[in-house]
Amino acid sequence: MGAEKTLAIPEEAQRDKASFEVLRVWIAEQGQHVSIRSGAWEDPFAWGIVLADLARHIALAHQLQNKDTNPEAFLNRLLEGFEAEIENPTDEPEGEVTQ
């Protein structure tokens with residue numbers, strides 16, 4: 001991991017005055033911590049699309065850094081982890097809504 005703790009904002013998001021951030025995930029104090037714009041969409045289906053697109057972006061990023069990566073196998077393994085965590089959570093979400 002590099003010295004940078006935050007990721008770059010995509011150029012498209014910087015150019016588009018209507019853009020907005022919907023999710024930020026941090027690993028801190030040996031756990032996962034998130035900020036979510038929970039009201040971004042009324043229909044939970046939209047969050048499903050975001051999660052699916054995110055999974056594909058993760059697989060592509062891994063493939064770009066590791067040329068021998070099989071993107072389909074990578075995505076299948078990612079989905080196995082997702083399903084395992086949905087079925088048997090290793091922790092429960094907690095937090096508060098702040099605005």
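Helices here are DSSP runs of H or I with at least four residues, strands are E runs of at least two, and both are numbered from the N terminus. By that count, the chain has three helices and two strands. Read along the sequence, they come in the order α-β-β-α-α.

A word on what you're looking at: this is a predicted model, with local features needing pLDDT of at least 70 and side-chain atom pairs counting only at pLDDT 80 or more, while totals for chains, interfaces and linings use all residues. Residues are numbered from 1 along each chain as its sequence is written, and side-chain values use heavy atoms, with hydrogens and water left out.

**Overall build**

The C-alpha atoms fill a box of roughly 45 × 40 × 30 Å, taken along the principal axes. Of the 99 residues, 6% count as buried. Buried stands for under 20% relative accessible area, exposed for over 50%, and partly exposed for anything in between, using a 1.4 Å probe and protein chains only.

**Salt bridges**

A search of the whole structure turns up three salt bridges, each being a side-chain nitrogen of Lys or Arg within 4 Å of a carboxyl oxygen of Asp or Glu. Here they are:

| Pair | N to O distance |
|---|---|
| Glu11 and Arg15 | 3.9 Å |
| Arg24 and Glu21 | 3.0 Å |
| Arg77 and Glu80 | 2.7 Å |

Glu11 and Arg15 sit four residues apart in helix 1 (residues 11–15), about one turn of the helix. Glu11 counts as exposed because its relative accessibility is 58%, and Arg15 is exposed too, at 57%.

Arg77 and Glu80 share helix 3, three residues apart, which is again about one turn. In this pair, Arg77 is exposed, with a relative accessible area of 60%, whereas Glu80 is partly exposed at 44%.

As for the remaining pair, Arg24 is partly exposed at 37%, and so is Glu21, at 42%.

Which residues make the nonpolar surface patch? Leu23, Val25, Val34, Ile36, Leu51, Leu54, Ile58, Leu79, Phe82 and Ile86 do, covering about 830 Å². Strand 1 (23–28), strand 2 (31–36), helix 2 and helix 3 (71–87) each give two or more residues to the patch. To qualify, a residue needs over 30% relative accessible area and no salt bridge; nonpolar side chains (Val, Leu, Ile, Met, Phe, Trp, Tyr) are joined within 5 Å, and like charges within 9 Å. The areas come from the Shrake-Rupley method with a 1.4 Å probe, and for residues only the protein chains shown count as cover.

A pocket is an open set of points on a 1 Å grid where a 1.4 Å probe fits, with protein on both sides within 12 Å along at least five of seven lines; lining residues have an atom within 4 Å of a point. The second largest pocket holds about 260 Å³ of space, a volume being the space filled by probe spheres set on the points.

Lining this pocket are Leu54, His57, Ile58, Ala61, His62, Gln65 and Phe74. Helix 2 (residues 44–65) supplies the largest share, six residues. By type, the lining splits into four nonpolar, three polar and no charged residues. In that sorting, Ala, Val, Leu, Ile, Met, Phe, Trp, Tyr, Cys and Pro are nonpolar, Asp, Glu, Lys and Arg are charged, and the others, Gly among them, are polar.
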